Protein chains: 2
Amino acid sequence: MFQNDIMSTAINKTILLVDDEQDILDLLKYNLEKEGYLVHTANDGQEGLEKAKAIQPALILLDLMMPKMDGIESCGLIRKEASLNETIVVFLTSRSEDYSQVACLEAGADDFITKPIRPRVLIAKISALLRRTIRIENGNTLQSSSIVINRDKFIVEVKGKGIFLPKKEFELLELLVSRPGKVFTRDQIMSSVWGDDTVVGERTIDVHIRKLREKLGDEYIRTMKGVGYTFSEN
Amino acid sequence: MFQNDIMSTAINKTILLVDDEQDILDLLKYNLEKEGYLVHTANDGQEGLEKAKAIQPALILLDLMMPKMDGIESCGLIRKEASLNETIVVFLTSRSEDYSQVACLEAGADDFITKPIRPRVLIAKISALLRRTIRIENGNTLQSSSIVINRDKFIVEVKGKGIFLPKKEFELLELLVSRPGKVFTRDQIMSSVWGDDTVVGERTIDVHIRKLREKLGDEYIRTMKGVGYTFSEN
DNA sequence: AATAGCTGTAACAATTGGTTAACATTTGAG
DNA sequence: CTCAAATGTTAACCAATTGTTACAGCTATT
């Protein structure tokens, strides 16, 4: 049920794990991928920051204790990076002392998880943190002022009229509506809707955009030439 | 310093505490008010829900175990209430067992804090949770006193009015606004906006500057003859 | 296996925005 | 004050990006 929630959405489900211990990376990767997340890994803070900038993950799991650059320092650098302002940072702390937990949060982290890691709690926490990132979410619907997206039925309501959309078109619209006004680049659309591994031609996105406009009306999706597409309320 | 962060923003600083034990309410209220939050209290889930609807708090701290209506049930009702959609819900759990923590999160909570309550951790957690909503609301923006550049929406706000700029103009303005008052030479502009490999003519920069002035007004970009261009706040 | 509908592609059309050229204007050094 | 150098202005051109259409291959369903 949780799994389905995640699998059916086209929103960013990329997680970056940063830890110097391979055992922990493997454990976390296994558990998160089982839940439908796209997992990338890095072995130290420096590599973590670089990968984060490149892949724009929804969430970063950061070990507190690492060689080269520790978690606190990495977190500071992540928080300075404007393009990562929506990224959630969660620390893995081995100790449960107050001061290290407070230190994590003051460094700009959103949360921390204490070792030993209990997978169910980890999954539930991550799910709860990501749940918040979608603006107005009521049950299984996503709505802006003019459009209601029903995730269960693959149906979109525009001005009270229900429209059925095929999967790809639905996912594309879902992505755009998840952040009205935000311009999604073709790359972002590509990796969210089609995934990082599948490769499709250049015109494919345009064609799907066109089909959406055909069904919804031209007024909702704006082209920002040279940049990408955006959903606009007006 | 943290206090300043909170005090300096004009956002909702209201917190609602819901617990049946007066001792805990007092302890929490004292600590939170010391940090500059506006604290309201309720003694059970029913009263909590009513007060929440009335005062629209930014965050609700909810005890898991309460007479009449327990935390899980209250949380469910809060999540159903459309006006409380953006409100953050945090549970206070006395036990640290996995299942109750997972239950809280699955009930729609954003986080939980285990008793015994350690005020410093509590404060840091609440601060972190609220900080994130500020971060997301501010978006990926770059602002001077008179202009807000929203990188996500690819829009520039001048005196409250949103203006769309084509890619190159946007990038040029972004560069100038990134360091108000600094004079950028043509060479610097060239390599920042166009890259070191592409070669364009001498007048290209002028033309883009002109288009920016046309759209923003003449007062923002000053020519330093023989040197370059600068963005001025006045 | 037949069907219907979804998905991606290729080929071409339309549009936008970046660049340039040509000329006008301003600036500041002498 | 003069004049050369630097910058401003305009419109037209062209290339890159996006839109459009028809169609072929694929997938799920019966």
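Predicted model: local features only at pLDDT ≥ 70, side-chain atom pairs only at ≥ 80, totals over all residues.

Reader: Which element gives the most to the surface near DNA strand D?

Author: A residue counts as near a strand if its C-beta atom, placed from the backbone, lies within 6 Å of it. In this model H9(B) gives the most to that surface, with six residues, while helix H9 (203–216) of chain A and helix H9 (203–216) of chain B each supply at least two residues. There are 17 residues around DNA strand D, and those that come nearest are A:Asp206, A:Thr223, B:Asp206, B:Arg210 and B:Thr223. By class, the surface near DNA strand D comprises nine charged, four polar and four nonpolar residues.

Reader: In what order do the five strands of the open sheet in chain B run, and is the pairing parallel or antiparallel?

Author: Two strands pair if DSSP finds at least two bridges between them. In chain B the order is E2-E1-E3-E4-E5, and the pairing is parallel. Strand E2 (38–42) and strand E5 (111–114) of chain B are the edge strands, each of them pairing on one side only, and the twist from one strand to the next averages 20°.

Reader: How many bridges join strand E4 and E5 of chain B, and what packs on the sheet?

Author: Strand E4 (residues 88–93) of chain B pairs with E5(B) over four bridges in the parallel sense, and B:Leu92 stands opposite B:Ile113 in E5(B). Helix H3 (residues 45–55) of chain B packs on the sheet, where it touches E1, E2 and E3 of chain B, and its direction makes about 170° with that of E1(B). Helix H2 (residues 22–34) of chain B lies across strand E1 (14–18), E2 and strand E3 (59–63) of chain B, and runs at about 165° to E2(B).

Reader: How many residues lie between E11(B) and E12(B) in their hairpin?

Author: Three residues lie between E11(B) and E12(B), and B:Gly226 in the turn has a positive phi of about 80°. Strand E11 (residues 221–224) and strand E12 (residues 228–231) of chain B pair over four bridges in the antiparallel sense, with B:Met224 standing opposite B:Gly228 in E12(B).

Key
Residues numbered from 1 in each chain as written. Chains lettered and ligands numbered in written order. Nonpolar A, V, L, I, M, F, W, Y, C, P; charged D, E, K, R; others polar. Axes fitted to C-alpha atoms, helices over the stretch in contact; angles between N-to-C directions. Contact = placed C-beta atoms within 7 Å.
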